[in-house]
Amino acid sequence: MRSISAVAVILFCLASSASAGWQAGVAKVDITPTQTVPLAGYSGTRMSQRVDHPIWIKALVLRGDTGAPSVIVTSDLVGLSTKMVDRIALRALEKHGIPRERLILNYSHNHSCPVTEDVLWLYYDFTPEESAARDHYTEKLYDQYDEVIGKALANVEPADVSFEQGLAGFAVNRRGARPDGRKLGGQVDHDVPVLVGKSGETIMAIVFGYSCHTTALGGLSINGDYAGFAQIELEKSYPGSIALFVQNCGGDANPLPRVRGIENDDQAIELARMYGHILAEAVRQVIAGKMLPLSGPIRAVMGETELFLQPGMPIDELRSRLPEVSGITRREYEHFIRQYQTQGNLPDRVKYPIQVWRFGTNFTWIALTGETVVDYSLKFKSIYGWDNTWVCGYNNNLLSYVPSLRVLNESGYEGTTGLFEYGHRAPYTETVEEQITTLVAELVKQLNVD
Ligand SMILES: [Zn+2]
């Protein structure tokens with residue numbers, strides 16, 4: 001009897017050390033449209049003409065020995081709106097019991113996906129038929145978000161989780177001429193963070209990130225751009241795995257070189273495939289090397305700050321200039337005039353949510369909102385640890401570009417002129433970086449104290 005108990009104890013110890021206290025589940029749902037849809041990401045109407053490869057939403061559920069499950073959902077979408085985030089998060093809470101702070105909703109910022117709901121609504125001027133195609137696709141997408149979270153939860157099993165980073169070099173800071181007149185050559189973050197979930201020796205989930213716009217393509221096809229190619233390649237390299245791409249802080253980075261123009265689409269697709277291959281190779285090299293084992297549980301916090309906007313144009317000026325403008329600028333002016341008429345003024349601030357997850361004691365994941373520029377990734381990794389901090393933007397709603405103080409002061413698209421496209425009355429004030437940095441510090445402190 002005694003010897004049988006001893007064997008049982010030894011077997012139990014082996015089993016629990018193999019799982020390292022983690023439960024993980026992963027799932028994916030194909031969100032490729034089955035009908036012609038308007039394509040997202042660039043101003044103006046582009047209707048899809050073909051599908052190059054499927055696009056997906058994917059979910060990874062992680063649960064330590066204690067605590068509620070934490071879920072990261074990635075997508076081959078250009079973004080989500082507040083309306084979408086609220087609806088997806090409410091359903092995740094009510095149906096699956098996922099608290100808001102434990103649900104990270106990231107998007108690759110893919111510019112070859114369908115338009116959904118009211119994301120970047122000022123970019124488009126749709127006919128009733130085009131709007132109907134968008135609405136039909138969006139309605140189904142809500143069910144698919146619910147489905148992918150439910151499936152990942154149902155797939156949960158004991159797992160090991162580890163982290164390491166590689167490098168890939170195709171992201172180029174896309175902001176125009178520097179003060180000395182030379183083009184490009186600015187800040188970039190070439191890190192490729194990789195988090196791997198393993199069941200025994202089998203890789204079940206590969207979460208990997210990069211800080212670069214998914215804008216190798218601008219044609220008329222459904223395609224996941226370089227991130228889609230990378231995910232497809234990785235899932236082939238590791239049979240049975242699901243690869244999830246996380247857009248980090250690529251607000252001011254493009255994959256370069258690029259070729260533009262619908263007539264050059266085949267060449268652009270080959271470039272996207274090549275960038276995807278480079279990124280996949282970086283991930284494979286990380287997985288082949290030594291990775292840092294992560295321990296649970298995950299502690300999660302979420303907070304919200306306000307970002308303030310500079311003064312907007314007076315209503316009289318908007319009205320007098322309206323006849324001179326067309327396209328997206330006209331839609332912006334009309335939007336501002338409507339705001340004056342219905343609210344009496346233009347909103348002077350926007351809400352800015354941030355989530356921070358702490359894995360055990362040795363790994364921190366900072367999830368920012370909107371199109372964050374690279375400075376945020378470099379800054380928070382330098383403060384909280386280059387080797388054990390993951391900083392991603394492109395979560396929650398596609399609020400706007402989120403410039404650092406440096407980018408704001410330099411002016412240009414990501415700091416100044418691009419802000420109106422999101423319905424903001426003006427660029428942010430000079431407190432933008434400070435507001436975000438302070439909230440991240442407060443959230444990290446809460447995790448340290450708890
Ligand atoms: Zn963008």
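1. Starting with helix α8 (residues 374–384): its buried residues are Val 374, Asp 375, Tyr 376, Ser 377, Leu 378, Phe 380 and Lys 381. Just past the end of α8 sits Gly 385, with a positive phi of about 125°. Keep in mind that this is a predicted model.

2. On to the zinc ion. Its protein donors are His 109 (NE2), His 213 (NE2), Glu 371 (OE) and Tyr 401 (OH), at 2.1 to 2.8 Å from the ion. The geometry comes out irregular, the angles among the four donor atoms running from 87 to 173°. Along the chain, the donors are spaced H-x103-H-x157-E-x29-Y.

3. Strand β15 (residues 349–359) deserves a look. Nine of its eleven residues are buried, so the rest of the structure largely encloses this strand. On one pairing, β15 runs antiparallel to β14 (residues 298–308), joined by eleven bridges; here Leu 307 has Val 350 as its bridge partner.

4. β15 also pairs with β16 (residues 363–369), again antiparallel, through five bridges. In this pairing Gln 355 stands opposite Ala 367 of β16. The β15–β16 hairpin has three residues between the strands, and Gly 360 there adopts a positive phi near 50°.

Definitions and conventions. Residues numbered from 1 in each chain as written. Predicted model: local features only at pLDDT ≥ 70, side-chain atom pairs only at ≥ 80, totals over all residues. Heavy atoms only, no water. Buried < 20%, exposed > 50% of the residue type's maximum accessible area, 1.4 Å probe, protein only. Helix = DSSP H or I, 4+ residues; strand = E, 2+ residues; numbered from the N terminus. Pairing = 2+ DSSP bridges. Donors = N, O, S within 2.8 Å, 3.2 Å for Na, K, Ca; no water. Tetrahedral: all angles 85-135°; square planar, octahedral: opposite > 155°, others 65-115°.
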